[in-house]
Amino acid sequence: MILPLRTPPSPLPALVFPVAAAVISACADAPTPDPPPIPPETLAAEHEEWRTGRRNSLADPEGGVVSWIGLWELAEGPTWFGSDRTLAIVLPAKDSPPLAGKLDLAGGRVSLIPEPGSGITVRDGDPVTGPIDLQDDRSGNTTILDLGSLGMRIHAERGTDRLWLRAWDRDSPRTAAFELPPYFPITNEWRLSARFDPYPEPRGVPMADVKGGTVENIAPGELVFRAGGREHRLIAFATERSRDYLVMLRDSTAFADTYPLGRYMHVPFPDDDGWTVIDFNRAYNPPCAFTPFSVCSFPPRENRLALEVTAGEKRPEGPVYISIR
């Protein structure tokens, strides 16, 4: 049913990966330590600072989610692009000539062959006058292209060989007007201690995405916490380059108050005793809540909570850009 809806990374601590069974057992048997409460005014101020940073990131005209204007999956072989509406990739005529060039996908690598006088440049570089290889945005050395007020890059997702061209408009009026959706009240009650329960080995978890495909994230274990009088578990994602865990969840508020697909969170790595704090006040909407030009993952079924998490970001007003599954 379709509704209208850089700090340098640090390695994962050793605790994330296999630990002795005795240590795991000791953590499991230990009582849940309550996180020390934060004074309400401090909690509110810290949350507002985080919220301001989130808004500025989403509305960044240099590639923030709100500025995205297109996402096109690339097929093997050549794909022509420009403002000519008969092409596979159609860009705004205010920025692009009728034919700007072609993208050639071969063996997982994308090259750009520009048309003469296309006006395409490499970010902070010279005009592109001949074929160049494009590094995707998971390569660590992303190639950014400029054409008029447009920025473009090759987008990749972990655990899939699919590649896309993503475009954004630095002059988009949406960026200046953008405001975050409302939040539930900020409270210490939704700052919950969680025990990290590692898997014997990190495992890949395949998840459906909003484009009808599948992506795969690496999970080193699960976060175990208590709420509503019972224990709950959430699969946590991280790699050796991560600075914290990524958690994707869907709770019972998704039926009315929060985004139907679910929400995401970042959770600190555990301390030496295996404990961390999940701050549900910082549960946030994925990019597809704000744009149809995303490749958001659905939370794994294991992370669907029979619990109303009345904390964090609520559902945005306006259209919902997903198919509900």
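Which residue takes a positive phi in the hairpin of β4 and β5? The legends below begin with the whole chain and come to this residue in the second view.

**Figure 1. Overview of the predicted model.** The structure shown is a predicted model. The protein contains 3 helices and 16 strands. Of its 325 residues, 48% are buried. The accessible surface amounts to about 15,700 Å², and carbon and sulfur atoms account for 52% of that area.

**Figure 2. The hairpin of β4 and β5.** Strand β4 (residues 101–106) and strand β5 (residues 109–114) pair in the antiparallel sense over 6 bridges. The hairpin has 2 residues between the strands, and Gly 107 takes a positive phi near 60 degrees. Ala 106 has Arg 109 of β5 as its bridge partner. The side chains of β4 alternate along the strand: Gly 101, Leu 103 and Leu 105 point to one face and are buried.

Figure 3. Strand β2 (residues 77–82) runs antiparallel to β4, and 5 bridges join the two. Within this pairing, Gly 77 stands opposite Leu 105, and Phe 81 has Gly 101 as its bridge partner in β4. Strand β2 is also joined to strand β3 (residues 89–90), here by 2 bridges and in the parallel sense. Phe 81 takes part in this pairing as well, with Ile 89 as its bridge partner in β3.

**Figure 4. An open sheet of 5 strands.** The strands of this sheet follow the order β1-β10-β9-β8-β6, with antiparallel pairing. Strands β1 (68–73) and β6 (121–122) stand at the edges; each has a single partner strand, so one side of each is left without a neighbour in the sheet. Inside the sheet, 3 bridges join β8 (residues 145–147) to β9 (residues 150–156), and these strands run antiparallel. Leu 147 has Leu 150 of β9 as its bridge partner.

**Figure 5. An open sheet of 4 strands.** This sheet has the order β13-β12-β11-β16, and its pairing is antiparallel. Its edge strands, β13 (230–236) and β16 (275–279), each pair on one side only. From one strand to the next, the twist averages 45 degrees. Strands β11 (residues 191–208) and β12 (residues 214–227) are joined by 10 bridges.

**Figure 6. Arg 203 in strand β11.** Arg 203 has its place in strand β11. Is this residue buried or partly exposed? With a relative accessible area of 33%, Arg 203 is partly exposed. A polar contact of 3.2 Å joins its side chain to that of Tyr 199. Beyond its neighbours within four places in sequence, Arg 203 is in contact with Asn 217, Ile 218, Ala 219, Glu 222 and Ile 235. Arg 203 and Phe 237 are 34 residues apart in sequence, and their C-alpha atoms are 9.5 Å apart in space.

Figure 7. In soluble globular proteins, nonpolar side chains tend to be buried together. The largest nonpolar core of this model has 28 residues, and those with the most contacts inside it are Leu 58, Phe 178, Phe 237, Leu 261 and Tyr 264. Strands β11 and β14 (245–249) each supply at least two residues of this core. Strand β11 gives the most, with 3 residues. Apart from this core lies another, of 23 residues, among them Leu 249, Met 265, Leu 305 and Leu 307. When neighbours within four places in sequence are set aside, the contacts of Tyr 264 include Leu 246, Val 247, Met 248, Tyr 284 and Cys 296.

**Figure 8. Thr 258 in the loop between β14 and β15.** Thr 258 is found in the loop between β14 and β15 (263–267). Why does Thr 258 count as buried? Its relative accessibility is 1%, and the cut-off for a buried residue is under 20%. The side chain of Thr 258 makes a polar contact of 2.8 Å with the side chain of Thr 253. Leaving aside neighbours within four places in sequence, Thr 258 is in contact with Phe 184, Thr 253, Arg 263, Glu 313, Lys 314 and Arg 315.

Note on methods:
Residues are numbered from 1 along each chain as its sequence is written. This is a predicted model: local features need pLDDT of at least 70, side-chain atom pairs count only at pLDDT 80 or more; totals for chains, interfaces and linings use all residues. Side-chain values use heavy atoms; hydrogens and water are left out. Two strands pair if DSSP finds at least two bridges between them. Axes are lines fitted to C-alpha atoms, for helices over the stretch in contact, and angles run from 0 to 180 degrees between N-to-C directions. Buried means under 20% relative accessible area, exposed over 50%, partly exposed in between (1.4 Å probe, protein chains only). Accessible areas come from the Shrake-Rupley method with a 1.4 Å probe; for residues, only the protein chains shown count as cover. A nonpolar core is a set of buried Ala, Val, Leu, Ile, Met, Phe, Trp, Tyr and Cys residues joined through side-chain atoms within 4.5 Å. Contact means heavy atoms within 4.5 Å. A polar contact is a pair of N or O atoms within 3.5 Å; within protein, one must be able to donate a hydrogen and the other to accept it, and residues adjacent in sequence count only if both atoms are side-chain atoms.
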